Structures are given as C-alpha cells and as structure tokens.
Amino acid sequence: MTLYDELKARGLIAQVTNEDEISTMINAGKATFYIGFDPTADSLHVGHFMALSFMKRLQMAGNRPIALVGGGTGVVGDPTGRSDLRDMMTMETIEHNCDCMKKQMEKFIDFSGGKALMVNNADWLLNLNYLEFLREYGGHFSVNRMLAAECYKSRMEKGLSFLEFNYMILQSYDFYELYKRYGCNMQFGGDDQWSNMLAGTELIRRKLGEDSHALTITLLLNSEGDKMGKTARGTVWLDPEKTSPYDFYQYWRNVADADVINCLKLLTFLPMDLIWEMDVWRGEKLNSAKETLAFELTALVHGMDVAEQVHDTSKKLFASGDAAEMPSIELTQSDFEDETIDILTLLVKSGLCPSKAEARRNVDQGGVKVDGHPVSSITRKFVISSCKGDGLVIRRGKKSYCRVVVK
C-alpha cells in the first residue's frame, strides 16, 4: 500500500486538485508542502491534531513540511467557520501565542537539518505597502467568486467586515510567497479551507505561470457530524497546563462507540491491519480499543512516560472506585432548571457522553449509575442539593467516572 493509498484508506483526504500529481510526489517523498496555523490561543488543541498527524505521516515518508504560523494573518483573523468577528489581539499576544505553538509542533515535526521549516507570515505581511499590494495583486481576485466561497457564507447574514474579507487574499499571498521562497507547491489544510486554497493556486498560476496543488484533510467530526475536541469544561488543549494529561487521556477513553475506530484511523499511527481487526470488536473488547486510542494519542502529545503514568492511574482509579482521585466538574445554579437537572444533561455536562443521543443510549442499555445506583429512566432528575458537598459520582460503563459538584 502506498502512502497516498493509506491516507485514503484512513479517510484522511477530503478534496484534491490533481490527485495523480499529488500522489506521485508524496509517494516518492519529494513533496514540499505547507499547513497554516493561526495563533488564536497560546496552545494548539484537538482541532489541530489532524494537521499535525498528517504532517508527521508525510515527513516520515521523506516529504518536507512547512509549518506556517500566522503572525501576520492573525492580525486580521480567519472568518472560516465563524458566525461573529474574532476578538482583536495585540501584537504581543500574537507573538507569545506563536512561540507557544512552535514548542508544541516540535513534538510532532522534526525540524533538524532542514527536514522541515517553521515560518511566520509576519515576515512578509507586516511590511506590505497597501497601495502597491492592491495594484500588484488585487486585480487577480474576483469579488463575485470570493463572496460565493463557503468560508464567507456563515458571516454574510450578520455582516462580513472588510477586515475579514481580506483573509482569502492574504492566505493566497502566503502560498505565493512560500512557492517563491521555498519551492513549496502544495498547500494542505482543513476541508473548510478549500476556497482559500484554490485562490492560492490561481494566484500562483496567474503571477508565475506555474502549477501548484491543494489537498484538504477530513475534519475531525463525531458520528453525529459535530466537531470533536470540546467537553462541558471547554476545549481539549495540547498544553498540559490547560488540559491535564489525565483529562486528555479520559477524553479519548470516553469517545462514543461509533467514533473510536474512525479516531484510530485518522489520528493514530497504528497499522491499518490492526485497526481493521478492532473494527469488529464489540462490548468489553471495544473498551480495549478506546484505551488503545487514549494511550496512543496521549503518548504522541505528552510522551510515552506520561501516557503510561496516566494509563496506570486510570486503571487503579477504576479498579478501586476511589472517587477522591477521579476527575470532577463544577456546575452552577444556572445549569439547573427549577432546582433540578436530568440525567441526560448531567452525562453531557460531565463529559462522559458527547451528546444527549449517546447519553440516552447508555441509560437505555443500563450502563449508567449515580452514586452506585443504576439509572433506568432517561427522565430521572436530581435536585441541586444532592450535588452539593461531596457531590454526585456518575459512572458510564465500567470505567468512566466523574464527580459532579455545585459551587
């Protein structure tokens, strides 16, 4: 199986501009490609995991990745997937976030000996002359085509600012600069970036008369079509100070049954033959697949020693049932309606279930207990006073626990 065939088998590839050319180059280990990362926070998160893993796979086959940190485009903000305007960041905040992201990328990508590059688009964007830029590049973009792009549609109803409207042009210019500076003729990214990436290939064709290519990576979605990487406590970060390795491990250990095989394909480096074997597992064996997923991803992000430690801690915790060591979540008065909260809402807010549909299935199958007592009805409610003090201990299945308390 070639590298490109494996990427397809894992379901990683969404759209490509020229499959024959792209597959030939990456299979031969001759591709120089880039993926962009905007510094909207001081840590990468689960949503970036797909891109980082993708870069690592291709580098292992001899290809050369370029990690483009958006110190320049971060000043504008990407409107893709947004329904409102991003908060404006200071240059100091952007620079700090870029530095933090670089340290995390180095866990995935080998930058030694020119095997990969880390580039900041602030190097060429911050000193652009506005009038010269408009004169040189503005005529190569059709406003009609830009407004038809998927990345702008979600912003049109509430109002797309001219600030955000410039983002496609800037991202295209990034591709153009990387092509000239480093011979980078491929741009890879999330499937929601397709329109921006096509605009970049068109700019290179118009200005340089050269072919360049784009490939989008499948978005990390659960079986219900929602983006993964969020819990009741917020975003799942790669920084251990923002999301502890234990909570990171537990996030993957608690994915829905319908999502575990897909996550193994998309995110881990386990052989496909092994994953296909797991695909027929059910019941307790499927829980073993979830443990494998959690361990592999924790080792990738936090190292093998940390992964072994949190795996052992998890095993001891669930074997002893010691609620004092288990993860907990704090609720507030606003989480309750008429001083009560139902079991489905509790399961979702605790992070034990990704959705109410999954929570309903777990209750119907007899897999939920609260303080050791089985919950058989999806309409079961709990009063706010029962969550005070030591709180409630909720268990989903045999190994997923959470303590719920009220501030």
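**Notebook: helix α15 and its neighbours**

I began with a pair of helices, and found that α13 passes α15 in a left-handed crossing. A reminder to myself before going on: this is a predicted model.

**Entry 1: α13 against α15**

I looked up which residues build this contact. From α13 (residues 260-267) come Val260, Cys263, Leu264 and Leu267. From α15 (residues 284-302) come Leu286, Ala289, Lys290, Leu293, Leu297 and Leu300.

Next I checked the geometry. The two helices pack at an angle of about 30°, and their axes lie 10 Å apart. That angle makes α13 roughly parallel to α15, because angles under 35 degrees count as roughly parallel.

**Entry 2: α12 against α15**

Then I turned to α12, which covers residues 245-253. How far apart are the axes of α12 and α15, and at what angle do the helices pack? I found 8 Å between the axes and an angle of about 145°. The crossing of α12 past α15 is right-handed.

I noted the residues on each side. On α12 they are Pro245, Phe248, Tyr249, Trp252 and Arg253. On α15 they are Asn287, Lys290, Glu291, Leu293, Ala294, Phe295, Leu297, Thr298, Val301 and His302. The tally for this contact is nine nonpolar, three polar and three charged.

I went back over the α15 names.

**Entry 3: a look at Thr32**

Thr32 sits in β2, which spans residues 32-37. Is Thr32 buried or exposed? Its relative accessibility is 13%, and since buried means under 20%, Thr32 counts as buried.

I also listed its partners, leaving out neighbours within four places in sequence. Thr32 touches Arg64 and Ile66, and also Tyr182, Gly183, Cys184, Asn185 and Met186.

**Entry 4: the whole chain**

Last, I stepped back to the chain. How many helices and strands does the chain have? I count 18 helices and 15 strands. The chain has 407 residues, and 50% of them count as buried; Thr32 is one of the buried residues.

The accessible surface of the chain comes to about 18,900 Å², with 48% belonging to carbon and sulfur atoms. I also looked at how far along the sequence contacts reach. Of the contacts between residues at least 6 apart in sequence, 73% join residues at least 24 apart.

Methods. Residues are numbered from 1 along each chain as its sequence is written. This is a predicted model: local features need pLDDT of at least 70, side-chain atom pairs count only at pLDDT 80 or more; totals for chains, interfaces and linings use all residues. Side-chain values use heavy atoms; hydrogens and water are left out. Axes are lines fitted to C-alpha atoms, for helices over the stretch in contact, and angles run from 0 to 180 degrees between N-to-C directions. Helices (H or I, at least four residues) and strands (E, at least two) are DSSP runs, numbered from the N terminus. Angles under 35 degrees count as roughly parallel, over 145 as roughly antiparallel, 65 to 115 as roughly perpendicular and the rest as oblique. A crossing is left-handed if the near helix is turned anticlockwise from the far one by less than a right angle, and right-handed if clockwise. Contact means heavy atoms within 4.5 Å. Buried means under 20% relative accessible area, exposed over 50%, partly exposed in between (1.4 Å probe, protein chains only). Accessible areas come from the Shrake-Rupley method with a 1.4 Å probe; for residues, only the protein chains shown count as cover. Ala, Val, Leu, Ile, Met, Phe, Trp, Tyr, Cys and Pro count as nonpolar, Asp, Glu, Lys and Arg as charged, and the others, Gly among them, as polar.
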